[in-house]
Amino acid sequence: MSASEFETQPGQTRDVTINIRAKQNQRDLIDRAAKIQGKNRSEFMLESAYQKAQEVILYQCFFGLDEERFQQFLARLDTPTVKNDKLQKLLTTKSPWD
């Protein structure tokens, strides 16, 4: 991820507003960190939130395995499934919020 992802290019505008409430001490700490990096509060918060969002999504999508564990993982994927009545019931029951 590059810093340029957060810079507005000529002709590009930010068209969505994000509002949050914070405690005074939280805002002060954010402002202090933003100043250290030479950014304003909005730039600092947007970049920080964007980086965290990428980490969260990556954590859900990627997991690393050594060669032995990767082969075990592949073997389990290739193993025929075993009938599981409780799981089948769970997957076919309508959710309370649907």
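Which residues in α1 meet which residues in α2?

**Figure 1. Overall view of the protein chain in the predicted model.** The secondary structure of the protein chain consists of 4 helices and 0 strands. Read from the N terminus, its elements follow the order α-α-α-α. Of the 98 residues in the protein chain, 4% are buried. The chain exposes about 9700 Å², and carbon and sulfur atoms supply 55% of this area.

**Figure 2. Crossing of helices α1 and α2.** Helix α1 spans residues 24-36 and helix α2 spans residues 41-61. Their axes come within 9 Å and cross at roughly 95°. Because angles of 65 to 115 degrees count as roughly perpendicular, α1 and α2 are therefore described as roughly perpendicular to each other.

**Figure 3. Residues at the contact of α1 with α2.** On the α1 side, the contact involves Arg27, Ile30, Asp31, Ala33 and Ala34. On the α2 side, Arg41, Phe44 and Met45 meet them. By class, this contact has 5 nonpolar and 3 charged residues, with no polar residues.

**Figure 4. Helix α4 and the cap at its N-terminal end.** Helix α4 comprises the 8 residues 85-92. The number of buried residues among them is 0, so helix α4 lies largely in the open. Asn84 caps the N-terminal end of α4: a side-chain oxygen of Asn84 lies 3.2 Å from the backbone nitrogen of Lys86.

Notes:
Residues numbered from 1 in each chain as written. Predicted model: local features only at pLDDT ≥ 70, side-chain atom pairs only at ≥ 80, totals over all residues. Heavy atoms only, no water. Buried < 20%, exposed > 50% of the residue type's maximum accessible area, 1.4 Å probe, protein only. Helix = DSSP H or I, 4+ residues; strand = E, 2+ residues; numbered from the N terminus. Polar contact = N/O pair within 3.5 Å; in protein donor to acceptor, adjacent residues only side chain to side chain. Axes fitted to C-alpha atoms, helices over the stretch in contact; angles between N-to-C directions. Parallel < 35°, antiparallel > 145°, perpendicular 65-115°, else oblique. Contact = heavy atoms within 4.5 Å. Nonpolar A, V, L, I, M, F, W, Y, C, P; charged D, E, K, R; others polar. Areas by Shrake-Rupley, 256 points an atom, 1.4 Å probe, with all protein chains shown as cover.
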